[in-house]
Amino acid sequence: MSDQPRTSTARTDLERQAWPALSDAALDVLRTHGVERHAEAGEVIWEVGQPGYPFIHLFDADLDIVDRGRDDAVVVTITAGNFVGELGMLMGQQTFFAGVMRSTGRILVVEQDELRRLVATVPEVSDAIVSAYAARRKLLIEWADGALTIIGDDNDRTCLGLREYASRNRIPFRFVDRADPDAMAAIRQSRDLPAQGTVAIARDGAVLHDPDRLTLARALGYELLPEIDELFDLVVVGAGPGGLAASVYGASEGLKTLTIDDTAIGGQAGTSSRIENYLGFPTGVSGSELAYLGEIQAIKFGARVAVPYRASGLARRDGHFEITLEAGPRINARAVVIASGARYRKLPLDNLGDYEGNGVYYAATELEARYAGGTNAVIVGGGNSAGQAAMFLSRHAEHTYIVVRREGLAATMSDYLSTRIARDPRITLVTHSEVTELRGDGGLKALTLTDRRTGEATDIETRALFVMIGAAPNAQWAGDLVRTDEKGFVLTGAAAGAADSPFATSVPGIFAIGDVRSGSVKRVASAVGEGSVVVSSVHAWLSDDPPAKQKAR
């Protein structure tokens, strides 16, 4: 929950977006679908941990946002003339603050389900509310004020994993390093903490010791899975650019849509610090920002998004498809879009696991870039993601190295990126080479590069190795149900024996798009295009009585 600027200085552009005045047209629509009533000072409008809360417009009263985890401290006061809420309202997330009337007056109450319907169908309402809620979530992140406090050692693998999960999924949080005695003493005044390990403290005061991502999501009310007996028109597995596009177009065209992902919104593209060749963003856009905008669009049209849930099985059951999750209920769908993408391969080094999260990283966002400060950054890989990472990390590292096994970058990287890298004195390209050794106690300190032609070894001191090599398809969870090529990528179209759609798999009603699809172009724009186009094939399948067709097979 966010509110108006916390100081008396002039509003920033983001704050102005967060607190717009509702137009008369929007207010008239909300009045038609809500209830205008009198509220008393001290009345609790919603409590912490509720599965949702209503939209409130304050005519002539003020409302306090109260932090129950800090002795009912008032986080901020929403004043008369403004409306309440932030992005979690549209997503169905649990509340992590309470809403208590500060003064007596008139309010307008619109129930959450009705607000979602209005946002999806009435432009006057959606234009004001969606942009405001998105801006408020950004303010919460800037202020590090929200659902979560993470306490741990800066280089601890579990701690870094939780911070990556929260950061990539736009969950407002603050990080407290155990090495900061003042911050630790302040926290220990109000609660007992384990002496070691990573601790997550939710806004309801719950203290979690070394939680995994799913445990944390559940504690925060972010594991937004449907009821087990719910049947969706479309389930999209994977929330990268392609999956988000399918979610946007599916939901906007009236399909009951659910999207799941095992890591974060944005997929592999979400780890890119800057994408400059995506249409409509001439100065570039980060992968996380592009994913955030796509998620908001999907939610606006009514799609459900659930993270982090890993699909582990896919089967046909009684005229529909059943997706099994590693943790959680089975999900039922009339049609499935496989958009689970591909993952970077790992280096074939026996001690790689000793340094993952403590010197070896698979993303280059602001979070990981901090580890490149004051050291050399070494990037293994020659694709666009590696090039974008090099340009970004070179602003933080003492020097940046790109290591490739080929003779150059021309065959694997866009020309605009390879040209910049060649001209940048902060970046050195090392060709025909590979990493053959990692060294360091308590974290990565150095590595060895070996020239594949001559066998010559070169040592580089570094505390930050970024691995961005190859593409291993993430399609094992579909088992033997759909046909794949020899590398494990899902076959579609004619190659799968499906003549009616280039994205249809060997099983009618199951489609594949993006990096997981055999023969796809590994680009963000192409994944988005496939995600938008595949929905027409989904519609064609659903309109032709798929249960009857499946039962006949």
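F55, F83 and Y133 form one aromatic cluster. Rings of Phe, Tyr and Trp (for Trp the six-membered ring) pair if their centres lie within 6.5 Å; planes under 30 degrees apart count as stacked, over 60 as edge-to-face and the rest as tilted. The structure is a predicted model, in which local features need pLDDT of at least 70, side-chain atom pairs count only at pLDDT 80 or more, and totals for chains, interfaces and linings use all residues. Residues are numbered from 1 along each chain as its sequence is written, and side-chain values use heavy atoms, with hydrogens and water left out.

A search of the whole structure finds six aromatic pairs. In one of them, the ring centres of Y361 and F466 are 5.7 Å apart and the planes stand at 40 degrees, so this pair is tilted. Y361 belongs to strand β19 (residues 360-361) and F466 to strand β25, so the pair ties together parts that are 105 residues apart in sequence. Helices (H or I, at least four residues) and strands (E, at least two) are DSSP runs, numbered from the N terminus. Y361 counts as buried at 3% relative accessibility, and F466 is buried at a relative accessible area of 0%. Buried means under 20% relative accessible area, exposed over 50% and partly exposed in between (1.4 Å probe, protein chains only).

| Arginine | Ring | Distance to ring centre |
|---|---|---|
| R106 | F59 | 4.6 Å |
| R370 | Y371 | 5.0 Å |

Helix α12 (384-393) has nine of its 10 residues buried, so it is largely enclosed by the rest of the structure. Among the buried residues are N384, Q388, M391, F392 and L393. The buried residues of α12 pack against α11 (366-369), β20 (376-380), β21, α13, β22 and β25 (457-467); contact means heavy atoms within 4.5 Å.

Helix α13 (residues 415-423) has L417, S418 and I421 as its buried residues. Seen down the axis of α13, these fall within an arc of 95 degrees, so they line one face of the helix. The arc is that of the directions from the helix axis to the C-beta atoms. The face turned away from the buried side carries the exposed residues D415, A422 and R423. The buried residues of α13 pack against α12, β21 (399-403) and β22 (427-430).

An open sheet of four strands has the order β2-β6-β4-β5 and antiparallel pairing. Two strands pair if DSSP finds at least two bridges between them. The edge strands β2 (44-46) and β5 (73-78) each pair on one side only. From one strand to the next, the twist averages 30 degrees. Strands β4 (residues 63-67) and β6 (residues 98-101) are joined over four bridges in the antiparallel sense, and L63 stands opposite M101 in β6.

Another open sheet, with mixed pairing, has four strands in the order β9-β8-β10-β11. Its edge strands are β9 (173-177) and β11 (207-209). Neighbouring strands of this sheet are turned by 20 degrees against each other on average, direction ignored. Strand β8 (residues 148-152) and β9 run parallel and are joined by five bridges, with T149 opposite R174 in β9. Helix α7 (residues 181-188) packs on the sheet and touches β8, β9 and β10 (199-202); its direction makes about 115 degrees with that of β9. Axes are lines fitted to C-alpha atoms, for helices over the stretch in contact, and angles run from 0 to 180 degrees between N-to-C directions.

Notes: Lys NZ or Arg CZ within 6 Å of the ring centre and 35° of its normal.
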